[in-house]
Amino acid sequence: MKKLLVVVDYQNDFVNGSLGFEGAELLDERIAAKVEAYRAEGADIMYTMDTHGSGYLEMQEGKKLPIVHCQNGTEGWKLYGETGKACKDAMTISKHTFGSLDLAMLVLHKDYNYDEIEICGVVTNICVMANAVLLKTAQPEAEIIIDALCVGSNDKVLNDKALDVLESMQFTVINR
């Protein structure tokens with residue numbers, strides 16, 4: 001069985017930085033353990049990094065969310081805590097918006113025909129969901145799993161609604 005773990009945007013700015021939220025730090029130990037378990041199985045591991053430049057506030061996202069975050073190369077841009085250490089040799093995918101077409105195109109390649117893809121990280125109702133949909137589009141026959149204990153959002157209601165929508169779209173949501 002070919003498996004992939006995707007860690008979405010578990011970066012300092014989303015944990016304890018400009019867009020950090022209460023409880024985000026609690027995901028660290030769980031995500032890092034998941035990375036190590038996948039590594040031990042010989043599975044593939046990729047992570048996305050929200051990456052913005054100096055013109056962020058002039059972009060559509062910046063106009064709607066005028067909070068500077070994940071500026072390329074800054075401390076806030078780096079992966080958080082034990083997860084950052086665990087992901088040191090995983091494939092990095094920089095992205096400048098919610099979903100990563102690069103991630104979808106990468107798993108679309110014939111060498112990456114996955115039976116199972118698991119997604120963890122932040123923010124459930126934005127980047128986790130956007131990347132989940134892109135991955136499902138690229139690999140429609142793969143079972144795509146979202147572990148509710150390894151995703152989070154600054155808004156609990158939207159987090160739960162996102163998990164509901166993902167389930168309705170035939171994603172497997174575990175540990176709810």
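Helix α5 covers residues 101-108, and L101 lies in it. Please treat everything here as coming from a predicted model. Which residues of α5 are buried? They are L103, A104 and V107. Seen down the axis of α5, these buried residues fall within an arc of 95°, so they line one face of the helix. That face has several neighbours: the buried residues of α5 pack against β1 (3-8), β2 (44-50), β3 (91-95) and α6 (124-138).

On the other side of α5, the exposed residues are L101, D102 and M105. For L101 the relative accessible area is 58%, and the cut-off for exposed is over 50%, so L101 counts as exposed. There is also a nonpolar patch on the surface here, formed by L101, M105 and L108. Together these three have about 330 Å² of accessible area.

Next, the backbone. The peptide bond from V122 to V123 is cis, and its omega is near -10°. V123 sits in the loop between β4 (116-122) and α6, and α6 is one of the elements that the buried residues of α5 pack against.

D9 has phi near 50° and lies in the loop between β1 and α1 (12-15). N175 has phi of about 60° and lies in the segment after β6 (172-174). Are these residues buried or exposed? D9 is buried, with a relative accessible area of 0%, whereas N175 is partly exposed at 44%.

Y10 and Y80 are both buried.

Now charges. Side chains of opposite charge can pair when their charged atoms come close. How many salt bridges are found in the whole structure? The search gives 14, and I will go through some of them.

In helix α2 (residues 27-41), R39 and E36 are three residues apart, about one helical turn. They form a salt bridge whose closest N and O atoms are 3.2 Å apart. Both partners are partly exposed, R39 at 26% and E36 at 40%.

Helix α7 (residues 156-168) has D160 and K156, four residues apart, again about one turn of the helix. Their side chains meet in a salt bridge at 2.9 Å, N to O. D160 is partly exposed at 26%, while K156 counts as exposed at 59%.

Another salt bridge is between R176 and D164, at 2.8 Å, N to O. This pair links distant parts of the chain, with R176 in the segment after β6 and D164 in helix α7, 12 residues apart. D164 is partly exposed, with a relative accessible area of 43%.

Technical notes
Residues numbered from 1 in each chain as written. Predicted model: local features only at pLDDT ≥ 70, side-chain atom pairs only at ≥ 80, totals over all residues. Heavy atoms only, no water. Patch = residues over 30% accessible without salt bridge, like charges linked within 9 Å, V, L, I, M, F, W, Y side chains within 5 Å. Areas by Shrake-Rupley, 256 points an atom, 1.4 Å probe, with all protein chains shown as cover. Salt bridge = Lys/Arg side-chain N within 4 Å of Asp/Glu carboxyl O. Helix = DSSP H or I, 4+ residues; strand = E, 2+ residues; numbered from the N terminus. Buried < 20%, exposed > 50% of the residue type's maximum accessible area, 1.4 Å probe, protein only. Arc of directions from axis to C-beta. Contact = heavy atoms within 4.5 Å.
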